[in-house]
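Reader: Please show me the chain and its structure. I would like to know what stands behind the terms used to describe the fold.

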Amino acid sequence: MKTKCSFDRAIHMDMTLVGGWLGAYAILLRGGNFGSAQTGNLIEMMLDIVEWDLFDLGVRLLAAVIFALALVLSTLLSHRAGLPMKTVTLLVEAAGMVVAALLPTDMNAVVALYPIFFISSFQWGTFNGAEGYSCSTIFSTNNLRQSVTAWVEYRVTGETTFRDKAVFYTQTVCCFLLGALLGGACSLRLGVRAMLLGLIPVGSALIMNELQRKAEQ
């Protein structure tokens, strides 16, 4: 159990770093769009209706559909007995990163993010927590809230469960920020090809996942 928990946390933090990497890449190189979430995209869709920009509305609507379909697919596949979903997700992630790195810089920014919308959503459906904590690996607003409130609860009550929770969520936020820092620095220097360097943390997560599977057998 200790080995499993150790791998669970390490893989979770690794994938949170990937989430930050994808976010920085999308914002810096694809028109300021955050490809790991749909909030901004849905708001932009409403603004397209206000401005009656049907082309952009269609482009963004398809992005929302792709995000939703990835969640549907990951959920359906998770019900297939014996299917190693973490392995499947990491391979899908790697393929999506390669596709994103090959798309030209001068194409429509939202269309260029379709692979990111898909793999981020797919990742969210599989890597959504560890060690009993429900925790996103693709965005951090709730993780920051959980971290702050857990530290306050620990300070007030002194209960170690709140301390452990606070540490977990704080580590998650830090890994997300580290991923954004690294992804941003690489994106500024290498352009869209920087996405290929994101394969490194995905590969390390795949290795840890396989080691965990062998340890559990």
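Author: What follows goes through the terms one by one.
This is a predicted model, in which local features need pLDDT of at least 70 and side-chain atom pairs count only at pLDDT 80 or more, while totals for chains, interfaces and linings use all residues. Residues are numbered from 1 along each chain as its sequence is written, and side-chain values use heavy atoms, with hydrogens and water left out.

Reader: What makes up the secondary structure of the chain?
Author: The chain has 9 helices and 2 strands, in the order α-α-α-α-α-α-β-β-α-α-α. Helices (H or I, at least four residues) and strands (E, at least two) are DSSP runs, numbered from the N terminus.

Reader: Why is α3 called roughly parallel to α6?
Author: The axes of α3 (residues 54-78) and α6 (residues 114-126) cross at roughly 30 degrees and come within 8 Å. Axes are lines fitted to C-alpha atoms, for helices over the stretch in contact, with angles from 0 to 180 degrees between N-to-C directions. Angles under 35 degrees count as roughly parallel, over 145 as roughly antiparallel, 65 to 115 as roughly perpendicular and the rest as oblique. Therefore α3 is roughly parallel to α6.

Reader: Which classes of residue make the contact of α3 with α6?
Author: The contact (heavy atoms within 4.5 Å) has 14 nonpolar, 4 polar and no charged residues. Ala, Val, Leu, Ile, Met, Phe, Trp, Tyr, Cys and Pro count as nonpolar, Asp, Glu, Lys and Arg as charged, and the others, Gly among them, as polar. Residues of α3 in this contact include Ile-66 and Phe-67, and those of α6 include Phe-118 and Trp-124.

Reader: What makes α4 roughly antiparallel to α9?
Author: The axes of α4 (residues 85-102) and α9 (residues 199-216) come within 10 Å and cross at roughly 165 degrees. That angle makes α4 roughly antiparallel to α9. Their contact includes Lys-86 and Glu-93 of α4, and Glu-210 and Arg-213 of α9. By class, the α4 contact with α9 has 9 nonpolar, 3 polar and 4 charged residues.

Reader: How many of the residues in the chain are buried?
Author: Buried residues (under 20% relative accessible area, 1.4 Å probe, protein chains only) make up 43% of the 217.

Note on methods:
Buried means under 20% relative accessible area, exposed over 50%, partly exposed in between (1.4 Å probe, protein chains only).
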